[in-house]
Amino acid sequence: MTRSIETVTLPTGEAIPKLGQGTWEMGERANARKDEIAALRAGVELGMTLVDTAEMYGDGESEKLIAEALGSLREDIFIVSKVYPHNGSERGVQAACERSLKRLKTDRIDLYLLHWRGGEDLEGAVAGFEKLKRDGKIRHWGVSNFDTDDMEELFALDDGNACASNQILYNVARRGPEFELLPWLRERSLPAMAYSPVDHARLPKKSVLNDIAAARGVSMFQIALAWVLQQPGVCSIPKASNVAHVKENRAAADIALTREEVAQIDSHFRPPKSKQHLEML
Ligand code: NAP
């Protein structure tokens, strides 16, 4: 029997599913639309109710796809969207949010993130996020691609510690955040949202992941995803544009890797021994 998906807790106490769905590169091709809609709906039906998007994705097309695929399920889903750094100012985030709300055909975004650092006015962006929260247009705000020093800078600002999550590149082949950033986030009960959990389908074709997968009769993608989901205080948003991949990803959330399997993975994909700068895709 399928178990319900575990959750992680936002600093406000709200629980979100450990496994959600990404949508980068979705909504951009007419001939893929039917499959993508089916995939997103199947994911929600399977409990992957957190759906990640951004104003950047397909220049707004991903947000429109979510409205079309999941509009009727709005009350069941938790929408994460992101604002470009060049819109990262007090007025900029408010204007960008209004545009995203229109494309998403909703009255609120559940978690609104600054996509990456790049010439934004961080203090202004935080003030804009807080205003959006007061106005009921967003429920939580957070950041993405913020390394530890960026988080320190954010937390030194007024209301900076109201940040609800940091979405980062983290998977079995990119373990840099384990040395400093993930412990920093955990100390503050701030969930990390791991993006590209199967490394954008670029994991090595042959590795210990295949051996573990073969022994369990699953795919190496599922083992890679199960490994991410097993990390404390981490949730993840794999992108899958067909129902078969969505089902596999959902099943991965029920895989509990053994101590021996984790040790095998560590011997091939080594944990960091020193600080590494946060990578991004
Ligand atoms: P990903 O989820 O690691 O990988 C997606 C790729 O893996 C797709 O080619 C997908 O194929 C394939 N895949 C997924 N499940 C599979 C399965 N069970 N078996 C075989 N192949 C499978 O990479 P991602 O899209 O880069 O990251 C996930 C999400 O994170 C994005 O969609 C986006 O929402 C977010 N993200 C955020 C940032 C940021 O800067 N904040 C950056 C990158 C990504 P199909 O599509 O054919 O199913």
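Begin by selecting E6, K18, L229, Q230 and A253: of the 16 residues that line the second largest pocket, these lie nearest its centre. The model on display is a predicted one. The space in this second largest pocket comes to about 230 Å³. Colouring its lining by residue class gives nine nonpolar, three polar and four charged residues.

Next, move to the largest pocket, whose volume is about 620 Å³. Select W24, S196, H200, P238 and K239, which lie nearest the centre of the largest pocket among its 33 lining residues.

The last stop is a single residue. Select T53, found in the loop that runs between strand 3 (50-52) and helix 2 (61-70). Is T53 buried or exposed? T53 has a relative accessibility of 0%, and therefore counts as buried. Now display the side chains of T53 and S62, which make a polar contact with each other at 2.6 Å. To complete the view, show the residues in contact with T53 once its neighbours within four places in sequence are set aside: T23, S62, E63, I66, V80, S81, K82 and L104.

Technical notes:
Residues are numbered from 1 along each chain as its sequence is written. This is a predicted model: local features need pLDDT of at least 70, side-chain atom pairs count only at pLDDT 80 or more; totals for chains, interfaces and linings use all residues. Side-chain values use heavy atoms; hydrogens and water are left out. On a 1 Å grid over the protein atoms alone, a cavity is a set of points where a 1.4 Å probe fits but cannot get out, and a pocket is an open set with protein on both sides within 12 Å along at least five of seven lines; lining residues have an atom within 4 Å of a point. Grid points are joined across faces, edges and corners, and a volume is the space filled by probe spheres set on the points. Ala, Val, Leu, Ile, Met, Phe, Trp, Tyr, Cys and Pro count as nonpolar, Asp, Glu, Lys and Arg as charged, and the others, Gly among them, as polar. Helices (H or I, at least four residues) and strands (E, at least two) are DSSP runs, numbered from the N terminus. Buried means under 20% relative accessible area, exposed over 50%, partly exposed in between (1.4 Å probe, protein chains only). A polar contact is a pair of N or O atoms within 3.5 Å; within protein, one must be able to donate a hydrogen and the other to accept it, and residues adjacent in sequence count only if both atoms are side-chain atoms. Contact means heavy atoms within 4.5 Å.
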